[in-house]
Amino acid sequence: MKLSALVLLLCAASVPATAISSSNAFAQTAVPASATYKNPDAPIAARVDDLLARMTLEEKIAQIITIWDNKPEIFDDKGEFDPVKMSAKFPNGIGQFARPSDAKGPASPRIAAGRDVRGTIRLVNAMQKHAVTKTRLGIPILMHEEGLHGYAALDATSFPQSIALASSWDPALLREINVVIGREIRARGVHLALSPVVDVARDPRWGRIEETFGEDPYLAGELGVAAVEGLQGENKASVLAPGKVFATLKHLTGHGQPESGTNVGPASISERVLREYFFPPFEQVVRRTGIQAVMASYNEIDGVPSHANKWLLGDVLRGEWGFKGAVVSDYYAIDELAGRHAIAKDKSEAAILALAAGVDSDLPTGASFSTLAESVRNGKVSLAAVDQAVRRMLDMKFRAGLFEKPFADADAAVKITNNADARALALKSAQRSITLLKNDGTLPLSLGTTKPKIAVIGPSANVARLGGYYGQPPVTVPILEGIKTKVGNRATILFAQGVKITENDDWWADEVKLADPAENRKLIAEAVETAKGADQIILTLGDTEQTSREGWAESHLGDRDSLDLVGEQQELFDALRALGKPITVVLINGRPASITKISTEANAILEGWYLGEQGGNAVADVLFGTVNPGGKLPVTFPRSVGQLPFTYNHKPTARRGYLFADKSPLYPFGFGLSYSTFELGAPVLSSPTIARNGSVKVTVSVKNTSNRAGDETVQIYVRDKVSSVTRSVMDLKAFQRVTLAPGETRDVSFTLGTDAFHFWNDKMQRVVEPGDFEIMAGNSSANVKSTTLTITE
């Protein structure tokens with residue numbers, strides 16, 4: 001270690017302000033071309049060490065703060081980058097720049113008023129040119145964007161929302177989708193995506209449930225690993241190859257079961273529940289991929305907010321799991337340690353707490369971390385703590401290749417964005433995500449030779465709903481358009497809106513105003529008149545982007561105290577059902593709906609969630625049988641909000657029942673029908689006994705008993721029959737989606753190792769206890785066959 005650096009580490013708390021800024025021998029001097037950090041062949045650690053040794057305190061703080069809602073301060077009156085303003089406002093450079101695809105930050109509508117491909121790249125390249133040529137050290141800027149189910153920008157490809165993709169039960173598909181998301185983001189000069197979300201969602205009142213992979217930790221972990229590998233690369237890739245971006249694992253943790261289902265509410269969760277249900281997907285991603293960024297969650301656990309939680313971010317994430325990358329804050333979450341959680345009196349104290357807990361970067365504006373320079377000078381924070389955070393952020397920039405290639409190619413980006421391959425994948429992913437919940441034989445619809453009349457009705461029939469954190473693709477296909485394209489002149493398509501759900505569907509808008517009931521009843525009457533002349537009714541029901549969304553402030557709510565359909569949608573169904581015509585309901589929604597009456601009275605029900613830009617074509621393909629649905633639910637559908645919390649992997653003493661009510665789920669976890677029929681055999685074990693550290697092969701015979709090819713998902717669940725602490729009645733431990741030809745039989749095999757049998761004992765140790773385990777196989781959590789495995793000492 002250089003003497004000057006050693007002095008800084010030992011004496012930061014007592015060194016005068018002027019000395020801290022200039023005590024480094026390299027600080028404020030010209031940087032030679034031979035500097036190690038400029039050498040692309042030098043080891044990354046050596047480059048980081050060299051650059052860090054050359055930085056002033058102010059330059060270090062600049063690297064752990066961000067620009068977003070203050071971006072107009074560095075733009076001219078046309079919204080373009082102004083280098084003069086940048087130099088005046090941020091003379092020491094900047095670490096990150098948030099969402100270059102938007103025009104001015106969080107204002108609504110954010111996407112519609114954003115930048116297209118060339119506009120985004122013009123901004124990115126101008127900022128990078130300034131950073132590398134007009135700042136003393138030439139440190140490029142790390143740009144980040146949202147990429148939950150597609151790049152959230154103008155012209156980018158929009159895939160189905162996460163909860164829909166989870167319904168595919170197809171990790172390979174998630175990997176393929178995220179390859180496209182990553183390359184579209186990277187093409188615009190952005191190297192960090194704020195995705196995926198692996199929060200385990202255990203309360204459907206929570207508006208962010210749509211952003212998750214559902215209620216099960218194993219499913220969320222497998223899909224999360226696949227998503228990260230798609231974005232960053234496989235084989236634990238930690239250095240970005242062309243077309244790749246770093247993923248950000250969100251949100252550590254407990255976020256998916258907030259008190260009362262309200263976003264950022266306290267997570268009243270014990271350590272055991274954290275370790276059994278909420279930690280596993282995060283741990284799987286950290287251990288199995290090269291993930292370089294983790295985002296802490298807004299909520300508190302046992303009185304300690306995640307952004308100030310040394311146990312969570314230090315002992316568990318970095319200690320137990322061995323995470324080496326950077327922890328980034330959720331937007332404004334460090335500020336909220338003072339403003340909302342009230343564990344700090346101001347942003348300066350909030351910054352000190354977050355830095356000490358292990359948060360390395362303050363998103364989206366750096367309001368709290370910008371106070372750290374003064375805290376170092378007055379001895380409240382050691383320079384070593386700041387250096388640690390800066391080191392992690394610089395390490396990411398070197399791993400991203402930003403110092404060698406900070407600029408983007410607009411022509412190449414236009415060519416690769418929303419190209420034919422991406423659009424085809426958007427269609428495929430929507431097709432594989434649709435889940436058939438009920439079918440009395442009405443589906444698939446037949447056109448025949450009579451030219452039937454089909455009424456397409458509902459608030460989501462003529463609009464493509466994309467779901468939260470959406471982009472704006474060049475073309476979207478509503479269900480009405482998809483059906484018209486599908487049938488051509490072989491059927492007469494009638495349309496009526498039926499009801500309007502909300503006055504404004506903009507996810508970013510603060511106010512949510514329900515449509516006028518009186519006007520809706522007029523629309524219902526019109527829909528009934530339209531449907532009277534139809535042979536079949538296709539009815540879309542569900543949500544808008546406003547009735548299920550992230551509630552990030554009291555002025556911007558998104559959680560609900562009911563799972564019933566919003567507004568007059570049930571009235572619309574009842575009026576149409578009274579006509580006595582076959583009616584197929586297509587749910588377009590962000591959360592499970594308690595559609596108890598509809599589930600009884602509809603002839604067929606499809607769950608689509610939000611299906612992306614090609615959703616209309618995918619729905620039409622399923623309705624008319626071009627595609628055989630094969631999706632499975634990643635969440636339980638309760639009958640009412642009174643059953644909550646209601647997940648399949650409950651404890652043995654739960655679900656006793658209520659007076660005057662059915663205690664079963666409306667639709668169970670893992671459920672989904674097909675136009676084919678299948679027969680699954682009981683699981684067959686390679687051995688009836690194994691040792692504690694052993695493994696067993698589980699084989700399940702699956703037969704397509706119909707005359708149509710189709711997909712079935714074999715699901716393996718495990719239950720510890722007797723354990724020293726209470727365990728779930730069943731836990732998913734393996735799954736595979738398979739396609740079978742008519743009459744085909746196939747043996748599907750899985751290997752279960754210690755990960756399938758271990759748990760946390762009364763000493764909070766992860767162990768495998770000897771005894772009998774029930775091994776269950778089926779096509780949903782409510783339809784299984786079982787056998788017994790014995791684990792010996």
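This is a predicted model: local features need pLDDT of at least 70, side-chain atom pairs count only at pLDDT 80 or more; totals for chains, interfaces and linings use all residues.

Trainee: Where is Tyr-648 placed, and what is it in contact with?

Mentor: Tyr-648 lies in the loop between α22 (615–623) and β16 (678–680), where helices (H or I, at least four residues) and strands (E, at least two) are DSSP runs numbered from the N terminus. Contact means heavy atoms within 4.5 Å, and, leaving aside neighbours within four places in sequence, the contacts of Tyr-648 include Glu-215, Asp-216, Phe-669, Tyr-717 and Ser-781.

Trainee: What makes Trp-169 and Phe-735 an edge-to-face pair?

Mentor: Rings of Phe, Tyr and Trp (its six-membered ring) pair if their centres lie within 6.5 Å, and planes under 30 degrees apart count as stacked, over 60 as edge-to-face and the rest as tilted. The structure holds 21 aromatic pairs; in the one formed by Trp-169 and Phe-735 the centres are 5.2 Å apart and the planes are at 80°, which makes it edge-to-face. Trp-169 lies in the loop between α7 (162–166) and α8 (171–186) and Phe-735 in strand β21, so the pair ties together parts that are 566 residues apart in sequence.

Trainee: How do you know whether Trp-169 and Phe-735 are buried or exposed?

Mentor: Trp-169 has a relative accessible area of 1%, so it is buried, and Phe-735, with 12%, is buried too. Thr-713, in strand β20 (residues 710–720), touches both Trp-169 and Phe-735, and at 0% relative accessibility Thr-713 also counts as buried.

Trainee: What makes the charged end of Arg-99 sit over the ring of Trp-68?

Mentor: A charge sits over a ring if NZ of Lys or CZ of Arg is within 6 Å of the ring centre and within 35 degrees of the ring normal. The charged end of Arg-99 sits over the ring of Trp-68 at 4.6 Å from its centre, and that of Arg-275 sits over the ring of Trp-760 at 4.5 Å.

Trainee: What makes a space a pocket or a cavity?

Mentor: On a 1 Å grid over the protein atoms alone, a cavity is a set of points where a 1.4 Å probe fits but cannot get out, and a pocket is an open set with protein on both sides within 12 Å along at least five of seven lines; lining residues have an atom within 4 Å of a point. Grid points are joined across faces, edges and corners, and a volume is the space filled by probe spheres set on the points. The largest pocket holds about 710 Å³ of space, and of its 36 lining residues the closest to its centre are Tyr-218, Pro-280, Lys-733, Asp-755 and His-758. Helix α10 gives the most to this lining, with 11 residues. There are seven cavities of 30 Å³ or more, and the largest cavity has a volume of about 90 Å³.

Technical notes: Residues are numbered from 1 along each chain as its sequence is written. Side-chain values use heavy atoms; hydrogens and water are left out. Buried means under 20% relative accessible area, exposed over 50%, partly exposed in between (1.4 Å probe, protein chains only).
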